[in-house]
Amino acid sequence: MYENRITIFIDILGFRNIISKTNTDDEYARKIFEVLNSMKSEQVGNEMFLEINETEESKKEMKELKEMQALFSKALLGKSSIKITHFSDSIVLSIGLENDMYAMSLIEYVGRLIYRLWKDFKILIRGGASVDKLVHEENGALFGPSMVKAYDFETNLSNYPRIIFDDICFRIIKNSPSYKSMEKLFLPFSGEKEVNGKLIKIEKGLEMNLSTVFNHLINSHFTFHPEKRKEVFNEINNSIKHLTGIIEEVESQKVKEKYEYLITQIQECKYPNI
């Protein structure tokens, strides 16, 4: 029943405020629904391998291109075992280890999700990723050591708006032929915490955050088109201002630190020129 899978547990930060806004803003609610509803295994599979950059010039061709994208992705995925589960403010994505290209494509998809949620809604996420045994049926059972570890990492070690990957994920990512084209998506991570006598530890892992996602996108095929490149640079430049504004409005020092962490990460990252 169990199989070894990469499991990514994601927590949507500020979900209570998001729900409050959807209660009074129908358009915002519709857009949030569209994003979350699109996170189904088939739809994510269609997006994992190919990012189509829609511009004003290309809108007439988008339908045909997206159909081609779906066929291309399906051919590449073959029998990929991606599964996705939503509950409340949490999302769980998992995929088997049958092909490292599948795993790397799913991880890059999560990076694009970080970017999309920030660009469109100024929503941040936090998460943990692990490799271990798991049962994951879409709209069904979800349990196993991999899920427990991913949850523990998110809850106890992540601390800031970022996704952290455990030691086994580190080895899979680093040994993948795709790593060279994705290395800017990651930073080194290590940490440990004892909780109720249990040691939760990542000795040699990785992290992905909004800053590393910016760096990856600006150095990837995603920004080949000048309009998309300009869009990402605008998000980089506006993010510090927006995050600073949030800090000025919140009272909790603990919450302030989460946003200050991201500001520091963005300021310290050496992005290429536009």
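Begin by selecting Ser-176, which is found in the loop between helix H7 (167–175) and helix H8 (179–182). Helices here are DSSP runs of H or I with at least four residues, strands are runs of E with at least two, and both are numbered from the N terminus. The model is a predicted one, in which local features need pLDDT of at least 70 and side-chain atom pairs count only at pLDDT 80 or more, while totals for chains, interfaces and linings use all residues. Residues are numbered from 1 along each chain as its sequence is written, and side-chain values use heavy atoms, with hydrogens and water left out.

Is Ser-176 buried or exposed? Ser-176 has a relative accessible area of 6% and is therefore buried; the term means under 20% relative accessible area, with exposed meaning over 50% and partly exposed in between, for a 1.4 Å probe and protein chains only. Next, display Met-101: its C-alpha atom is separated by 7.7 Å from that of Ser-176, although the two residues are 75 apart along the chain. Leaving aside neighbours within four places in sequence, Ser-176 is in contact with Asp-100 and Met-104, where contact means heavy atoms within 4.5 Å.

**Helix H5 and helix H9**

Select helix H5 (residues 100–121) together with helix H9 (residues 210–218); their axes come within 9 Å and cross at roughly 105°. Axes are lines fitted to C-alpha atoms, for helices over the stretch in contact, and angles run from 0 to 180 degrees between N-to-C directions. On the H5 side, show Glu-108, Gly-111, Arg-112, Ile-114, Tyr-115 and Trp-118, and on the H9 side Leu-210, Val-213, Phe-214, His-216 and Leu-217, which together make the contact. By class, this contact of H5 with H9 has seven nonpolar, two polar and two charged residues. In this scheme Ala, Val, Leu, Ile, Met, Phe, Trp, Tyr, Cys and Pro count as nonpolar, Asp, Glu, Lys and Arg as charged, and the others, Gly among them, as polar.

Then move to Lys-122, in the loop between H5 and E4. Its phi is near 55°, a positive value in a residue other than glycine. Most residues other than glycine have a negative phi. Because its relative accessibility is 29%, Lys-122 counts as partly exposed.

**Strand E1 and its partners**

Select strand E1 (residues 3–12), which is mostly covered, with eight of its ten residues buried. E1 pairs with strand E4 (residues 125–136) in the antiparallel sense over ten bridges; two strands pair if DSSP finds at least two bridges between them. Along this pairing, Glu-3 stands opposite Leu-134 in E4.

Which residues are in contact with Ser-146, leaving aside its neighbours within four places in sequence? Ser-146 lies in helix H6 (residues 145–158), and its contacts are Arg-5, Thr-7, Ser-130, Val-131, Asp-132, Lys-133 and Leu-134. Ser-146 counts as buried because its relative accessibility is 0%.

Continue to Asn-159, in the loop between H6 and strand E6 (162–165). Asn-159 is not a glycine, yet its phi is positive, at about 65°. With 39% relative accessibility, Asn-159 counts as partly exposed.

**The hairpin of E7 and E8**

Select strand E7 (residues 187–195) and strand E8 (residues 198–209), which pair in the antiparallel sense over eight bridges. Gly-191 has Ile-202 in E8 as its bridge partner. Two residues lie between the strands of this hairpin, and Asn-196 takes a positive phi near 50° there.

**Helix H10 and helix H11**

Finally, select helix H10 (residues 226–249) and helix H11 (residues 253–268), which pack at an angle of about 160° with their axes 9 Å apart. That angle makes H10 roughly antiparallel to H11. From H10, show Ile-236, Ser-239, Ile-240, Leu-243, Thr-244, Ile-246 and Ile-247; they meet Lys-256, Tyr-259, Glu-260, Leu-262, Ile-263, Ile-266 and Gln-267 in H11. By class, the contact of H10 with H11 has nine nonpolar, three polar and two charged residues.

Definitions and conventions
Parallel < 35°, antiparallel > 145°, perpendicular 65-115°, else oblique.
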